[in-house]
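Subject: Structure for you to look at

Hello,

Please find the structure below, followed by notes on what was found in it. Keep it open while you read.

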2 protein chains.
Amino acid sequence: MVKQHELSQHMISEQAASDTSCGCPHGGLKGLLDKSLARIGLSKSEQKKVDREEELVDLAVSILNEEGFAGLSLEKLTAQSRYSKGTIYNHFSSKEDCLSALCIRAVSSILTLFKRALQFEGSSREKAVAVHYSYQLYARLQPTLFMAVLSSKAPGVREKTSTERTQLMDALELEINTFSDQMFRDAIDDGSLVLSEHLSIETLSFSNWAMSFGTNALATSATEAKAVNRLDPNTLLLQNISILMDGMNWQPLSKDWDYRKTWQRVEKEIFADDIQLIE
Amino acid sequence: MVKQHELSQHMISEQAASDTSCGCPHGGLKGLLDKSLARIGLSKSEQKKVDREEELVDLAVSILNEEGFAGLSLEKLTAQSRYSKGTIYNHFSSKEDCLSALCIRAVSSILTLFKRALQFEGSSREKAVAVHYSYQLYARLQPTLFMAVLSSKAPGVREKTSTERTQLMDALELEINTFSDQMFRDAIDDGSLVLSEHLSIETLSFSNWAMSFGTNALATSATEAKAVNRLDPNTLLLQNISILMDGMNWQPLSKDWDYRKTWQRVEKEIFADDIQLIE
DNA sequence: GCTCATTATGACGATTCGTCAAAAATGACG
DNA sequence: CGTCATTTTTGACGAATCGTCATAATGAGC
């Protein structure tokens, strides 16, 4: 009668709760969100709600991974959770709102990966290469979530997303932008990059992002007939950003430095654990 | 009783039939598809079916433009057409199949624009700039369709698409790839581009595509917080591909040639009619 | 134990999906 | 023109999902 008392439901939800394939490496996102909310000061019931939302997003991610984008429905989320429809709709005002929640998790995870990549020891251009590596890593580990971030930008989705979540999403995007801009500022500061007349930091930062996103998006959605399949997926992104950074005249140029070694070093020194998940 | 005899239905469908905002410039697609099928030899009834499919895709595009991606349903398509559900499902085996049909139209239109762009008088790099211009033009004229092409690559969509349509889609993509590759071959032939050791034509062709796609996709789905809004949308793509082509060492380099003038010339000499539709 | 505000529940109507048996249209032949 | 076989069209149907809302359960404070 009461759903929480059904044994089978409990088993399902516990299985889901222990499923850690949430695209959230090293629990970084959970810590991030918990902290940011904890600072404000949470009552017991509020904390309970935060925990449950965490649990529901976990579950939604697992549905997304198994059933794909179109297969995600709040109906299924309800059925697989230990809660009822009304409770689900207390958390997500609509299917689109739920999708936005998934994107917030995705972008948070990506940001965490970016910061880890930045710890790579090397020149500013090598660090940028490391960041691109981490972006590609996420696109491969979580292809559906990676693409979901884009679809959540569609007007129809954004309209149906709660204002708080929209603001959180915008804040995260701003943080990513700031992060990207800072990479270029560092490069200018250490002298390896010089701004030419018509190119601002914002322009370089955006072109850098556009190339990485475009490459990963096309590689993720590759089909039989696509040009991607003619090329080596492992160094696809590296080659593309190498051409771009050479175009920026970012020192050392690719003719003077073997960035394939950098690429491999990043893989071994920073993301050795994560790369095993692909095999 | 019989739907074809309802006056109101007739009026709706006739309005739709006269709606030419189909993203198909100069009727190029219709000609293309008609021809390819006509060669095989069409009976009267087969021709009728082709015409009706044309009509239905027109209608689907208008629904997509008005209601957005999520608002497109075969239910609505049925209601707004003069046919019934069974007939609709004779044309499109599923909603996803219909989406793929829209993508085929989109890619056909883009290919038509590419070929027009190639008529621009100038160096091989200038011609490539013209092609990018036409790509951006389509992304702006048909943002939803532009993004739809990507989502039609999702596994869930592809599975539910009829095999014939999948093959047609793959053939079109191959044609686009071939077109892109040819641009680079021409550049090599006229001496303005030299292949370095590690970079193949395929690599250059793909990086060129990835940059253009990434830029247009991010610009199309731009939100308030995005980095895109800090920049001039009219020259965003030009700047990005200029950096990239400089990185390829494609002559003349942007420091030796004012491609903003090329950009403006393309706008005036090739796409003057189309650009007015944006305003 | 009682009261009342908050939260959870699941039944409900609406919409969409895709199917299929029956009806209608087509056209070949006498 | 009439007959009949084949093809096409129709819309009713069951299943799935959406989002709402009246009712039931919960729990905090007295």
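Is Ser180(B) buried or exposed? Ser180(B) is buried, because its relative accessible area is 12%; buried means under 20% relative accessible area, exposed over 50%, and partly exposed in between, with a 1.4 Å probe and protein chains only.

Before the rest, some ground rules. This is a predicted model, in which local features need pLDDT of at least 70 and side-chain atom pairs count only at pLDDT 80 or more, while totals for chains, interfaces and linings use all residues. Residues are numbered from 1 along each chain as its sequence is written, chains are lettered from A and ligands numbered from 1 in the order in which they are written, and side-chain values use heavy atoms, with hydrogens and water left out.

Back to Ser180(B). Ser180(B) sits in helix α10 (residues 163–189) of chain B. Helices (H or I, at least four residues) and strands (E, at least two) are DSSP runs, numbered from the N terminus. Leaving aside residues up to four places away in sequence, Ser180(B) touches Ser205(B) and Asn208(B); contact means heavy atoms within 4.5 Å.

Now chain A as a whole. Chain A has 14 helices and zero strands. Of its 279 residues, 51% count as buried. Among contacts in chain A between residues at least 6 apart in sequence, 72% join residues at least 24 apart.

Two packed helices are described by the angle between their axes and the distance between the axes. Axes are lines fitted to C-alpha atoms, for helices over the stretch in contact, and angles run from 0 to 180 degrees between N-to-C directions.

In the second pair, helix α7 (residues 124–141) and helix α13 (residues 259–269) of chain A pack at an angle of about 55 degrees, with their axes 10 Å apart. α7(A) and α13(A) are therefore oblique to each other, and the crossing is right-handed. Among the residues in this contact are Tyr133(A) of α7(A) and Trp263(A) of α13(A).

What about cysteines? The structure holds zero disulfides over all chains, a disulfide being a pair of cysteine sulfur atoms within 2.5 Å. For Cys98(A), the nearest cysteine sulfur is that of Cys103(A), 9.8 Å away. Cys98(A) counts as buried at 1% relative accessibility, and Cys103(A) is buried at 0%.

Last, Thr215(A) lies in helix α11 (residues 201–220) of chain A and counts as buried at 1% relative accessibility. Beyond residues up to four places away in sequence, Thr215(A) touches Leu236(A), Leu237(A), Asn240(A), Phe206(B) and Ala210(B).

Regards

Technical notes. Parallel < 35°, antiparallel > 145°, perpendicular 65-115°, else oblique. Left-handed = near helix turned anticlockwise from the far one by under 90°.
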